[in-house]
Amino acid sequence: MLSIAVCDDEVIECCSMAGKIKEIMEEMKIPCIIRQFRSGRELLQASESFDIVFLDIIMSDLDGMKTAQLFRGRAFNKILIFMSSSREFVFDAYDVEAFQYLLKPVDDKKLKNVLQKVVLKTESRSQEFIILSRERQKKKLFLDDIYYFEIRGRMVDVHGAEGIFTYYEQIGVLENKLRDKGFFRCHKSYLINLRYVDGYNRQDVILDNGEKIMIAKRRYEEFCREILKFMRENGGIV
């Protein structure tokens with residue numbers, strides 16, 4: 001089930017957009033949950049992890065572009081769609097990797113077309129997941145939502161879209177579980193998801209969110225081979 005957020009400080013417009021989205025998704029027979037927010041701050045304070053966010057740009061207090069920047073800081077793999085009555089911010093939208101820029105009033109056919117593309121994009125994501133255990137708590141994490149694993153002795157910090165989850169695990173066991181799943185152990189303390197690699201040098205791997213992960217000298221050549229292989233297999237032009 002898809003989780004969708006609609007954020008607009010104009011109450012009527014927010015309700016109207018949420019209603020249109022619900023109607024189109026029902027027509028497409030795609031189950032979803034839609035939540036409405038009246039401000040960027042309210043959206044950022046929400047505990048849910050949304051798959052799709054419809055965000056108005058011109059809002060009082062915290063505008064949509066600033067909200068998007070803060071949102072991207074913790075969920076850069078989610079789908080962001082801007083709504084605005086102005087074309088002024090079209091190019092700024094690229095900076096936060098917006099999926100679409102819709103001009104208000106939003107045309108129903110255009111909205112349906114965008115939602116169809118969004119559904120295809122979300123369905124193309126891997127649905128593979130890993131079950132982690134901590135004390136009496138079980139946690140299911142989709143592999144595509146995990147940025148990297150950080151090993152601290154017997155403890156493992158899972159850095160991902162929902163924050164950090166810490167649990168006990170042997171790195172050898174974890175590495176075997178994720179073999180051929182798009183992960184690479186670039187350092188004795190780090191196991192990274194190759195889909196989030198934005199760049200690298202001999203010292204560091206740079207992720208999409210700007211984090212730098214150390215790469216061991218002895219693992220550099222193998223890393224180069226693995227990242228090029230991953231890019232070729234996932235549509236990269238290399």
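Leaving out neighbours up to four places away in sequence, serine 84 is in contact with Asp56, Ile57, Ile58, Phe89, Tyr101, Leu102, Leu103 and Lys104. Keep in mind as you look around that this model is predicted. Serine 84 belongs to strand E4, which covers residues 79-84. Its relative accessibility is 1%, so serine 84 counts as buried, the cut-off being under 20%. The side chain of serine 84 also reaches the backbone nitrogen of serine 86, at 3.1 Å. If you want a sense of how the chain folds back here, look at methionine 59: 25 residues separate it from serine 84 along the chain, and the two C-alpha atoms are 9.9 Å apart.

Now let's move to glutamine 100, which sits in strand E5, residues 100-103. Beyond four places in sequence, glutamine 100 touches Leu80, Ile81, Phe82, Lys110 and Val114. Is glutamine 100 buried or exposed? Its relative accessibility is 19%, so glutamine 100 counts as buried, given that the limit is under 20%.

Our last stop is arginine 185, found in strand E11, which spans residues 183-187. Where does its side chain reach? The side chain of arginine 185 comes to 3.0 Å from the backbone oxygen of lysine 188. Setting aside residues up to four places away in sequence, arginine 185 touches Ile171, Glu175, Tyr190, Leu191 and Arg219. With a relative accessible area of 16%, arginine 185 is buried.

Methods
Residues numbered from 1 in each chain as written. Predicted model: local features only at pLDDT ≥ 70, side-chain atom pairs only at ≥ 80, totals over all residues. Heavy atoms only, no water. Helix = DSSP H or I, 4+ residues; strand = E, 2+ residues; numbered from the N terminus. Buried < 20%, exposed > 50% of the residue type's maximum accessible area, 1.4 Å probe, protein only. Contact = heavy atoms within 4.5 Å. Polar contact = N/O pair within 3.5 Å; in protein donor to acceptor, adjacent residues only side chain to side chain.
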